[in-house]
Protein chains: 2
Amino acid sequence: MTILNDVTLEQGAKILKLLGDKTRLNIVSILMHDECCVCELVEVLQMSQPSISQHVAKLKSAEIVKERRQGQWIFYRINESVSVYPLVKSIVNHFPDQQEVIRNLEKQGLRVCCDN
Amino acid sequence: MTILNDVTLEQGAKILKLLGDKTRLNIVSILMHDECCVCELVEVLQMSQPSISQHVAKLKSAEIVKERRQGQWIFYRINESVSVYPLVKSIVNHFPDQQEVIRNLEKQGLRVCCDN
DNA sequence: CCATTATATAAGCATACACTTATATAATCA
DNA sequence: TGATTATATAAGTGTATGCTTATATAATGG
């Protein structure tokens with residue numbers, strides 16, 4: 001096992017605190033596969049739009065995720081080019097794959113990304 | 001990269017929340033090398049005894065650490081035989097090694113473990 | 001047995017957090 | 001332009017968190 005040593009304890013604690021919330025951890029796990037917009041996350045997680053928006057705003061301000069506007073939608077995705085990305089990635093690797101929740105959205109025709 | 005899939009998102013969020021505190025993350029990083037008693041952690045982290053006790057109590061109740069009484073002292077160490085251990089270990093691997101803080105304690109003659 | 005040392009626990013307090021409801025901003029489309 | 005859809009933000013609220021001070025428990029050693 002190599003010693004990675006990417007981040008300080010202080011930076012790390014900040015990231016872990018953000019990921020130490022079930023909703024945000026779920027969002028990050030989902031975005032590890034695909035980019036998603038807020039309304040998709042609202043549908044998948046069955047939570048209110050402001051709540052989801054506030055969660056992704058926190059993830060964005062910590063640079064864990066990036067955003068890309070496309071028309072009405074703002075798509076969020078994991079920011080792979082930041083120093084904490086290896087930490088985030090290695091954490092998410094310990095949890096069950098969340099890819100199927102996106103697949104289920106597609107099957108229900110609720111996937112925004114696929115329509116344009 | 002293998003998919004580990006040791007813990008649920010919910011269990012994981014609980015662990016990350018606990019590690020999402022600078023003091024506790026520091027304690028866990030230190031204990032990854034050696035067992036320590038509360039008074040050593042008080043010395044190293046320069047925090048009050050009740051504060052340190054409360055932090056290790058939280059780590060213990062989540063089974064991240066175990067305790068061993070020896071005389072007056074209670075030594076805490078990482079619990080390697082719990083399902084979240086691989087997660088904890090892989091997180092700590094991303095941060096700078098904390099072994100030297102213990103070495104410094106020894107040099108100062110403040111190491112309890114070494115006296116008996 | 002009493003003083004000392006180590007640790008735990010309880011109570012109090014200021015702050016942070018995650019949600020809610022309401023409203024603002026922004027893009028699309030008829 | 002006005003209605004609709006998507007998202008952000010602000011304000012309010014109940015709860016959780018991390019510290020403090022004070023006290024309790026437990027082991028040691030004279």
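Reader: In chain A, what share of the contacts between residues at least 6 apart in sequence join residues at least 24 apart?

Author: A contact means heavy atoms within 4.5 Å. Of those contacts in chain A, 64% join residues at least 24 apart. Please note that this is a predicted model, in which local features need pLDDT of at least 70, side-chain atom pairs count only at pLDDT 80 or more, and totals for chains, interfaces and linings use all residues. Residues are numbered from 1 along each chain as its sequence is written, chains are lettered from A and ligands numbered from 1 in the order in which they are written, and side-chain values use heavy atoms, with hydrogens and water left out.

Reader: Which pattern does chain A follow along the sequence?

Author: Helices (H or I, at least four residues) and strands (E, at least two) are DSSP runs, numbered from the N terminus. Chain A has 6 helices and 3 strands, in the pattern α-α-β-α-α-β-β-α-α.

Reader: How much of chain A is buried?

Author: Buried means under 20% relative accessible area, exposed over 50%, and partly exposed in between (1.4 Å probe, protein chains only). In chain A, 46% of the 116 residues are buried.

Reader: Why is helix α5 of chain B described as largely enclosed?

Author: Helix α5 (residues 85–92) of chain B is largely enclosed by the rest of the structure because 6 of its 8 residues are buried. These are Y85(B), L87(B), V88(B), S90(B), I91(B) and V92(B). Their cover includes α1 (9–19) and α5 (85–92) of chain A, together with α1 (9–19), α2 (22–31) and β3 (73–78) of chain B.
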